[in-house]
Amino acid sequence: MSSTLPTIRRADSMPAAARDNHVPVAIVGGGACGLTAALMLHDLGVDCAVLERDGTPTGSSALSSGFIPAPGTQVQKDLSIADSAERFAADITAKAKGRAAPQLVQAYARAIGPALDALQDRHGLEWQVLDGFLYPGHSVRRMHAVPEKTGVGLMGRLANAVAAADIPLVTDAAVRELWADDTGLLLGVGYERPDGTLEHLSCDTVILACNGFGGNAAMVRELLPEMRDALFAGHTGNDGSAIAWGRALGACLADLGGYQGHGSWAIPQGALISWALMMEGGMQVNAQGRRFHDETQGYSEASVHVLAQPGGVAWNVFDAPILALARGFPDFVDAEAAGAVKHCDSVQALAALIGCDDTALAATLAGQGPYPRPGTRALQAPFCAVKVTGALFHTQGGLDIDAQCRVLDTQGRPFPNLLAAGGAARGVSGDAVWGYLSGNGLLSAVAGGYLAAYTAAHLLRPPTGSKP
Ligand SMILES: Cc1cc2nc3c(=O)[nH]c(=O)nc-3n(C[C@H](O)[C@H](O)[C@H](O)COP(=O)(O)OP(=O)(O)OC[C@H]3O[C@@H](n4cnc5c(N)ncnc54)[C@H](O)[C@@H]3O)c2cc1C
């Protein structure tokens, strides 16, 4: 595939053939956001096509753990967990210290429960609520996952549902062009095939579900300089297409400093080590055998703290009870199989592994030093340790949107028929790394895809279109 840059083309020069190839809604990107939007449009009786650059739709969604926070779902009610959209919105807002876009916090907190229920009731996705621990910043157990507890499982189930619903999913179709008139009305898209040819599709509405710019090193240097040297653990297709189109159209960009980092990326294996280990009493120590931050604040900001340590690395230290919990996570099982987990019988052996002074390490393990965690059990030998670094998982800044996922211009006015959701749009984490509440990524993707579908249906059928 060539490296043609995403562009905006004048609608009056759109190839005539494109007009014969028409779909009401063109969805750019087949990750969790795009596939959710497609399924909801199907339920609303609106035809759409998903255009996906890869041969199989995976995106960052398949690389993820697949954990989605949601209040008030049927499965959460069945477990008698008291929760509400208001409580969830308050948790999101608190984590972002009030800097998350309020209209999106409210809209996503309200939409995600119905979205997960719809995917379960109408498309056979089965949800479980994760048990045993709370993710940082969540006041109640509301993290949902499919039975496989992986992003691959989530995407497999969404893709199966799309196939069962007979929704056109055009793979190997990298959208390069949006066709727009002078008013910003979009009339179609042009997508590139692996042999370099361009095909065209006219449409009434476009939903950008092509995620953010984490995979575009130049954009990360420009827009997110604090992570310019960090390893990117997301999907290469997160190439900033939405930002490029938005800039060319005069769209407003928002929250560009927001992102999901992760301070627990095993090296050299390149694998996620669940933050549940830290929440259950594990700790991060540096090459001096000392803790350097309060792990309970969150894994996203931990990425910056870890990168600030000598060599940009740290060790996750934990013990046997935490190891037993960790083995419930498929990501961890894979990392362990790849040799990421080291076992040490004593403080001295652990100190030798880390290369630090054993007296300093013993004091750290005994709870001495900064960042006290009252009530946390002291770790006991035998110890486990994983060498980790800080990574960029995905960007949370993007196209500014309203609560209906309509893209806004720099004057705050919505474009007539351009919608964006998931990582293509701004998220609900504010403009800094510490604003990311666990699950904000897939929250934006799934709730945003759900809302964008309703908005697209409404744009197509204004008198009768229903709102979620
Ligand atoms: C290791 C890791 C673990 C994570 N774990 C979690 C988690 O447990 N919970 C959580 O909430 N978040 C998690 N995240 C973040 C989460 O993966 C993302 O926020 C989410 O997947 C975004 O979904 P999306 O549909 O917007 O984007 P994606 O899933 O990336 O999908 C975008 C799709 O668009 C396609 N595309 C891009 N450009 C074009 C184009 N021009 N034309 C056609 N197609 C295009 C891409 O190929 C891709 O398939 C994790 C991220 C990583 C990296």
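Trainee: How are the residues numbered, and which pLDDT limits apply?
Mentor: Residues count from 1 along each chain as its sequence is written. In this predicted model, totals for chains, interfaces and linings use all residues, side-chain atom pairs count only at pLDDT 80 or more, and local features need pLDDT of at least 70.

Trainee: Which domains does the assignment give, and how far apart are their C-alpha centres?
Mentor: The bounds come from an automatic or database domain assignment. Domain 1 covers 7-255 + 399-460, and domain 2 covers 259-392. Their C-alpha centres lie apart by 32 Å.

Trainee: How many residues of domain 2 are in contact with domain 1?
Mentor: Contact means C-beta atoms, placed from the backbone, within 7 Å. On the domain 1 side, 21 residues take part. They divide into 12 nonpolar, six polar and three charged. Nonpolar means Ala, Val, Leu, Ile, Met, Phe, Trp, Tyr, Cys and Pro; charged means Asp, Glu, Lys and Arg; the others, Gly among them, are polar. On the domain 2 side, the number is 25.

Trainee: Where does the largest nonpolar core lie?
Mentor: A nonpolar core joins buried Ala, Val, Leu, Ile, Met, Phe, Trp, Tyr and Cys residues through C-beta atoms within 7 Å. The largest has 151 residues, with I27, I207 and A421 making the most contacts inside it. Domain 1 and domain 2 both give residues to this core, so it lies between them.

Trainee: Is P24 buried, partly exposed or exposed, and why?
Mentor: P24 sits in strand β2 (residues 22-28); a strand is a DSSP run of E, at least two residues, and a helix one of H or I, at least four, numbered from the N terminus. Buried takes 20 or more other C-beta atoms within 10 Å, exposed 12 or fewer, with partly exposed in between, and C-beta atoms are placed from the backbone. P24 has 17 C-beta neighbours inside 10 Å, so P24 counts as partly exposed.

Trainee: Which residues are closest to the ligand?
Mentor: Near means a C-beta atom, placed from the backbone, within 6 Å. The shell holds 45 residues. The closest are G29, G31, G59, G422 and G441.

Note on methods. Two residues are in contact if their C-beta atoms, placed from the backbone, lie within 7 Å.
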